[in-house]
Amino acid sequence: MRQQMAALALALAAPLAFAQAGAAPGAAAVPCPERNVLYWQAFPPGGESDLSARHQQLVLHRKCPKVETIIQYKGGAGGGLMWAQMNQLPGDGFNVVGINLPHIVFQPIQGDVQYKTADITPVFWFHFTPDILVVNARSPIKTFQDFIKAAKADPGKISLAGSGQYSANQAAHERLDAAFGIKTLYVPFKGTGDLATSVIGGQVDGAMTYTPFAIANKDKGVRPLAVAMEHRHPLMPDVPTFRELGVDWVDGAYRGIGVPKSTPPEARKRLSDLWMALNTDPEMKDLAARSGFELVNVGLDQMDAFMAEKSKLYTEGAARMGLGKK
């Protein structure tokens, strides 16, 4: 995963200034930025991070018509390339970076990236995407029980794609094998968008992925088998939960935004408030529900406690996965 650090084009820093947009009676005003926002993505286009950024871009523009969200992509190293470089961006309040858990905990523990978890400055976590196991729709594997039977019959033969190394998908893959006493092959891709063709085309047998991927591709050649949720997903009512299958597994990936460490506290707060306003907007809730995202609202006030809890949880998980042992 080691890659040469590439220089980011640094724009001139501008003073942070936000104006309140007009709001209907009883609705909270949106703290509109006074100029365009650069939204950096750590994964290639087409995955869940990209889809969520497009949702936010749409809602922000409708609430703040003078503002464009300019989405930039710098994929590589399972997100680690962008996260290693985010502190080189101007801390002007107009540069934000998409970040993911457990990736930003797992990757530094493994040691194949050029950043530490402490180098990341989260300002808002906006949604959670549950783990889900899928296979190619043409596969003879029709149910989860079929999957386990096939995996035990030929250990190591079934290949499951996932988004990145040392990511939520890889952690879920390891958990799947351990929980059900099987051995499957994990095949990492740069992002969810990159693995779609291989899963649908049958180059891999399936994927350990997230609910939005399964929902978007259910009629395009993907068959979901089991989901890591408290209850069955309303858009996939026939898909059992792992709890129904005997394993207490409710997990997935969190997505949020971070900023360069040089971003001043007042700018961090304004961005956190802006993303909170976007995330609680009725249109955003509808977009999220139709895409399979579970919205969460973790702002700056809850950030320290949230990160302490998740860092402890994922550090323990990394130990179980054997990360950092070279």
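These are my notebook entries on a predicted model, taken region by region.

**Confidence**

I began with the confidence values. The mean pLDDT of the chain is 89, and 90% of the residues reach 70 or more. I then looked up residues 1–27, where the pLDDT is below 50. In the model this stretch has 69 contacts beyond near neighbours in sequence. Where pLDDT is low, the predicted coordinates should not be read in detail. I left those contacts alone.

**β3, α1 and β4**

I looked up how strand β3 (residues 37–41) pairs with strand β4 (residues 69–73). The two run parallel and are joined by 5 bridges. Leucine 38 has isoleucine 70 of β4 as its bridge partner. Together with α1, these strands make a right-handed β-α-β unit.

I checked the length of helix α1 (residues 48–63). Its 16 residues should span 22 Å at 1.5 Å a residue, and the end C-alpha atoms are 23 Å apart, so the two values agree. I also listed the buried residues of α1: Glu48, Ser49, Asp50, Ser52, Ala53, His55, Gln56, Val59 and Leu60. An α-helix has 3.6 residues a turn, so residues three or four places apart point the same way. In the list I can pick out Ser52, His55 and Val59, among others.

**Backbone exceptions**

Most residues other than glycine have a negative phi, and most peptide bonds are trans. I went through the exceptions noted for this model.

- Alanine 77 has a positive phi, near 55°. Alanine 77 sits in the loop between β4 and α2, and it counts as buried because its relative accessibility is 13%, under the 20% limit.
- Tyrosine 166 also has a positive phi, of about 55°. Tyrosine 166 belongs to the loop between β7 and α5 and is buried at 12% relative accessibility.
- The peptide bond between leucine 101 and proline 102 is cis, with omega about 10°. Proline 102 lies in the loop between β5 and α3.
- Glycine 111 follows α3 and has a positive phi, near 90°.

**β7, α5 and β8**

Strand β7 (residues 159–163) and strand β8 (residues 185–189) are joined by 5 bridges, and serine 163 has phenylalanine 189 in β8 as its bridge partner. Between them the chain passes through helix α5 (residues 168–180), and this β-α-β crossover is right-handed.

Serine 167 is in the loop between β7 and α5. Is serine 167 buried or exposed? Serine 167 is buried, at a relative accessible area of 0%. Setting aside neighbours within four places in sequence, I found contacts from serine 167 to Pro102, His103, Phe106 and Tyr186. Pro102 is the proline of the cis bond. I also took a distance: serine 167 and threonine 315 are 148 residues apart in sequence, and their C-alpha atoms are 13 Å apart.

Next I turned to helix α3 (residues 103–110). It is largely enclosed by the rest of the structure, because 6 of its 8 residues are buried. They are His103, Ile104, Val105, Phe106, Gln107 and Gln110.

The largest nonpolar core has 29 residues, and Trp83, Leu101, Ile104 and Trp125 have the most contacts inside it. At least two core residues come from each of α2 (80–85), β5 (95–101), α3, β6 (121–136) and α10. The largest share, 5 residues, comes from α10.

I listed the contacts of tryptophan 83, leaving out neighbours within four places in sequence. They include Ala42, Phe43, Val97 and Ile99, and also His103, Ile104 and Gln107.

**Methionine 321**

Methionine 321 lies in helix α10 (residues 300–321). Not counting residues up to four places away in sequence, methionine 321 touches Phe106, Gln170, Ala171 and Glu174. Phe106 is also in contact with serine 167.

**Threonine 241**

My last entry is on the loop between β10 (222–227) and β11 (252–259), where threonine 241 is found. Threonine 241 counts as buried because its relative accessibility is 2%. Beyond residues up to four places away in sequence, threonine 241 touches Val227, Met229, Glu230, His231 and Arg232.

How values were computed
Residues numbered from 1 in each chain as written. Predicted model: local features only at pLDDT ≥ 70, side-chain atom pairs only at ≥ 80, totals over all residues. Heavy atoms only, no water. Helix = DSSP H or I, 4+ residues; strand = E, 2+ residues; numbered from the N terminus. Buried < 20%, exposed > 50% of the residue type's maximum accessible area, 1.4 Å probe, protein only. Contact = heavy atoms within 4.5 Å. Pairing = 2+ DSSP bridges. Right-handed = clockwise from strand over helix to strand, strands pointing away. Core = buried A, V, L, I, M, F, W, Y, C linked by side-chain atoms within 4.5 Å. Expected span 1.5 Å × (residues − 1). pLDDT = per-residue confidence, 0-100.
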